[in-house]
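Here are some notes to read alongside the structure. Keep the viewer open and look up each residue as you go.

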Amino acid sequence: MADILNITGLGRLEIVETYIYYDQPVLFSCKSAAGHLYLAVAADKNDQHESWLFAGISTERLNLVRSGAIDLHNAFSEPEDGFLLKEIIPYDGTLPRMEPIQSDHISEDMLPMPGERLNIKTDPLPILRNSEDIAKLREVVKILQKSQEETTSKFTIPNTLTGVLLTQLEKLLQLQSGDQDYKINPER
Amino acid sequence: MEWPDFYPADCPPTEAEPASGTVYRLVQYNPARAEDFKTPFEENPGRFNNKPSIRNCGLSVHTDMQDSEQLKTVMKMVPRFRDTQIAEGELNPTLGMTQHTPSSKYKSHHSWWVPIGAKPWVVFKIISG
C-alpha cells in the first residue's frame, strides 16, 4: 500500500520513492492527486517546529537527480519553477503552514550539501501509477498472449518477440502495481 | 507493558521481540533528550491523516555501528540530520519491542516501539559527533 501524506497546501501526496528513511521518509519523491511531482527533504528541526522543503520537479529532471547527474543541492537550489515550498510544522499545536521561497532566497543550511548525489542504478522512474493505464496495459498483454495461441492471428507477431514483450510488460506491471509477485500467466 | 493510546491495534507487530542489545541512533541533542525519541506520528499526526501505523509509531535504530556511521555520512543529503550525532544505548525489555527491518543499504536497521513510561534517553550516550 502506498504511503500517503497530508501536506499543508499540497493536499494528499503519495510517496513515489523513498531515498533516505529514518523514522520516516526524510528524502523522497512524491506526487499530488493531480499528478504533480515533488522532491521533498527534511530541512530543519528545533524545539519549536520542523520544516520540510518541496521542489516541484519534472519526471525528466527527477530521473537526472536519481541517477546522480544532478546533485541534490542543485535539485533544491535551482528548482525548475524558480521557487520551493517550505512547510513549517509547529509543535505547539498551531496549524502547519506552507510558504513559497524564491530560489535565490533559500538558506544554505536548509539545503543538501553540494556534491551529494543519489546513485540509483535502476530503470528510470516507474511510470506514475494510474489504474486506467494499468488496465490498458493488461489488455495489451491479453492481445499478445492471444497472438501466441492463435495460428491465424490478425497480428502476426513472432513468438520470440512476443515472449520478450511479455517479459518486459510483466516487469512494467510489477513496477506499476507494486506487486512484485505479479506474473503473466500464459495459461490465462 | 502499556503502549501509547494512539498505537494501532496491531502495534507492535507480533513478529517484534523484547528490546535487547546494543543499538545506535542518530540524535540531535547532547546528552540525548526525550525529543530524540519521539515518533513521527507523535510529532505530527496530521501529516499521516491522523492514522497511526506500525511504521510511523516506530523509531529507527541500528545494531551495527558501521550502518549508523554510513547513514550519518549519507545524511549530508538531509539538512535536518546534518548536525546529528551517533548515540549508543543498551536496550532491555522494559524499553519496549524491536523488529529487524533491514533495507538493502542498512542490514542492521531495526524498528523500535517504546512503551508508556519508558525513558530511553537515559540509557543512550553520545559516542560520535
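This is a predicted model: local features need pLDDT of at least 70, side-chain atom pairs count only at pLDDT 80 or more; totals for chains, interfaces and linings use all residues.

1. For chain B, the average pLDDT is 93, and 99% of the residues score at least 70. Within chain B, helix H2 (residues 65–74) has the lowest confidence, with a mean of 84, while strand E5 (residues 97–100) has the highest, at 98.

2. **The layout of chain A.** Chain A contains 4 helices and 7 strands. Of its 188 residues, 23% count as buried. If you take the contacts in chain A between residues at least 6 apart in sequence, 44% of them join residues at least 24 apart.

3. **The layout of chain B.** Chain B has 2 helices and 7 strands, arranged along the sequence as β-β-α-β-α-β-β-β-β. How compact is chain B for a globular protein of its length? Its radius of gyration is 14 Å, close to the 14 Å given by the globule rule for 129 residues, so chain B is as compact as a globular protein of that length. Its C-alpha trace spans about 35 × 30 × 30 Å along the principal axes. Buried residues make up 39% of the 129 in this chain. Among contacts in chain B with a separation of 6 or more, 73% come from residues 24 or more positions apart.

4. Find helix H1 of chain A, residues 59–67, where A:Arg61, A:Leu62, A:Val65 and A:Arg66 are buried. The buried residues of H1(A) pack against E3, E4 and helix H2 (72–77) of chain A.

5. **The nonpolar core.** The largest nonpolar core has 59 residues, and those with the most contacts inside it are A:Ala40, A:Val41, A:Leu53, A:Phe54 and A:Ala55. E4(A) gives the most to this core, with 6 residues. To see some of the packing for yourself, select A:Ala55: leaving aside residues up to four places away in sequence, A:Ala55 touches A:Tyr38, A:Leu39, A:Ala75, A:Phe76, A:Pro79 and A:Leu84. In soluble globular proteins generally, nonpolar side chains tend to be buried together.

6. **Where the two chains meet.** In this model, 25 residues of chain A are in contact with 21 residues of chain B. On the side of chain A that touches chain B, the elements giving two or more residues are strand E1 (4–7), E2, E3 and strand E4 (37–45) of chain A. E4(A) gives the most to that side, with 5 residues. By type, the residues on that side of chain A divide into 17 nonpolar, 2 polar and 6 charged.

7. **Two cis peptide bonds.** Both of these are in chain B. The bond from B:Cys11 to B:Pro12 is cis, with omega near -5°, and B:Pro12 sits in the segment before strand E1 (17–18) of chain B. The bond from B:Asn30 to B:Pro31 is cis as well, with omega near 0°. You will find B:Pro31 in the loop between strand E2 (21–27) and helix H1 (40–43) of chain B.

8. A:Asp23 is not a glycine, yet its phi is positive, about 70°. A:Asp23 lies in the loop between strand E2 (11–22) and strand E3 (24–32) of chain A. B:Asn50 also has a positive phi, near 60°, and is found in the loop between H1 and strand E3 (59–62) of chain B.

How values were computed:
Residues are numbered from 1 along each chain as its sequence is written. Chains are lettered from A and ligands numbered from 1 in the order in which they are written. Two residues are in contact if their C-beta atoms, placed from the backbone, lie within 7 Å. Ala, Val, Leu, Ile, Met, Phe, Trp, Tyr, Cys and Pro count as nonpolar, Asp, Glu, Lys and Arg as charged, and the others, Gly among them, as polar. The radius of gyration is taken over C-alpha atoms; the globule rule is 2.2 Å times the number of residues to the power 0.38. A residue is buried if 20 or more other C-beta atoms lie within 10 Å of its own, exposed if 12 or fewer, and partly exposed in between; C-beta atoms are placed from the backbone. A nonpolar core is a set of buried Ala, Val, Leu, Ile, Met, Phe, Trp, Tyr and Cys residues joined through C-beta atoms within 7 Å. pLDDT is the predictor's confidence in each residue, from 0 to 100.
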